[in-house]
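Please keep the viewer open as you read.

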Amino acid sequence: MEKRLILRGILAGAAGGLLAFLFARIFAEPLIGRAMDYESGRDAAQAALDKAAGLAPEAADPDLFSRTVQADVGIGVGMVFFGMAMGALFAVVYAICLGRVGGLGARNLAMLVALGGFLGFYLVPFVKYPANPPSIGHPDTIRDRGNLYLVMVACSILLLVLAVWLGKRLKERLGKWNATLLAALGYAVVIGVVMAVLPSLGELSANVREFGHHATETPLPLTDSHGRIVYPGFPADTLFSFRFYSVAAQLVLWGVLGLVFAPMAERLLARRAATGGDGAAVRARVEPAAGA
Amino acid sequence: MSSLSAPGATPAATPLVLPAAKAALLLAGTAVVALAVYYFIGVDQGAYSVFGNDMHVHEFVHDARHFLGFPCH
């Protein structure tokens, strides 16, 4: 039973990842290309400034894969496998939740678990540390940024689980509606405190030392020794669109995952409920009827 | 198709509880593998690296990593 649920979860996740990839290929790749053009233009301007100041230019990173491979294959593999991993975790949570979270139907539970995954794994961490296109993010701070992002993901998931548990506890005393509202409020307050305590990326010590106090690592205009702007800051519209499409792609991924999984799970559970056994017994009973 | 859905005409309002203790190993194993995939797509060869100084995984899934919201570079 669990194995069947997990296989269906992986399948639904792959479908979600595939659609999110198609979405990304159409909407995100042009933006990623623009961000990379910005980065190479900025590097060239920086190199010119360094040369004028008599400094040695920085060595560029070698390209292990061409842009075509990254933009057509790499992003597809990444998103489909991400979808499958999320689908597997989704199915694990779904199997644990079955029958333990009140009178939810099989399909409604699927959509709620998908909503939880979208919030816990992506949207809540995004509020504190949003997705960034290439050219935003200093190589020196990758370890801090990686750790902070994972802390944010872990906190949002853990607190979401606690909120569900709290809501269940409060349900008997306060009723479903009030218990749900109170648990959601508690989640918002505690995750808000976590976000307030964690540092902004621009305030990491390596960044403050080099650039002064800023909220983010988004590149500011590049200036020469006289303070004249020689290269603009990162284009705001490109940044907004990239983040907007990033949220949309995750909505597609989790939405498709839930919508594909829901009917499959319902059929599986209905079959099992009808016989009280596993699916194999049902198939034996059903197949003669299909022939008739 | 119709014959398959026939037994499910009256789906249980509350799905049955699975014996999670019996399936704990399968569920935990699945979760570990899924988290490993999450790690390799999102984190490896960035903040941490299992293959030392190599950057092939990072560069291959580079665009996905940015777009899925992970920190990069």
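Predicted model: local features only at pLDDT ≥ 70, side-chain atom pairs only at ≥ 80, totals over all residues.

A word on confidence comes first: pLDDT is the predictor's confidence in each residue, on a scale from 0 to 100. For chain B the mean pLDDT is 78, with 71% of its residues at 70 or more. Residues 1–12 of chain B have pLDDT below 50, and this stretch has 22 contacts in the model beyond near neighbours in sequence; a contact is a pair of residues whose C-beta atoms, placed from the backbone, lie within 7 Å. The scores of the model are ipTM 0.88 and pTM 0.88.

Residues are numbered from 1 along each chain as its sequence is written, and chains are lettered from A and ligands numbered from 1 in the order in which they are written.

Now look at chain B. Four helices and zero strands make up its secondary structure, in the order α-α-α-α from the N terminus; helices are DSSP runs of H or I with at least four residues, strands are runs of E with at least two, and both are numbered from the N terminus. Of the 73 residues in chain B, 36% are buried, meaning that 20 or more other C-beta atoms, placed from the backbone, lie within 10 Å of the residue's own.

Finally, turn to where the chains meet. Chain A brings 59 residues to the contact and chain B brings 44 residues. On the side of chain A that touches chain B, α2(A) gives the most, with 15 residues.

Conventions. Buried ≥ 20, exposed ≤ 12 C-beta atoms within 10 Å, placed from the backbone. Contact = placed C-beta atoms within 7 Å.
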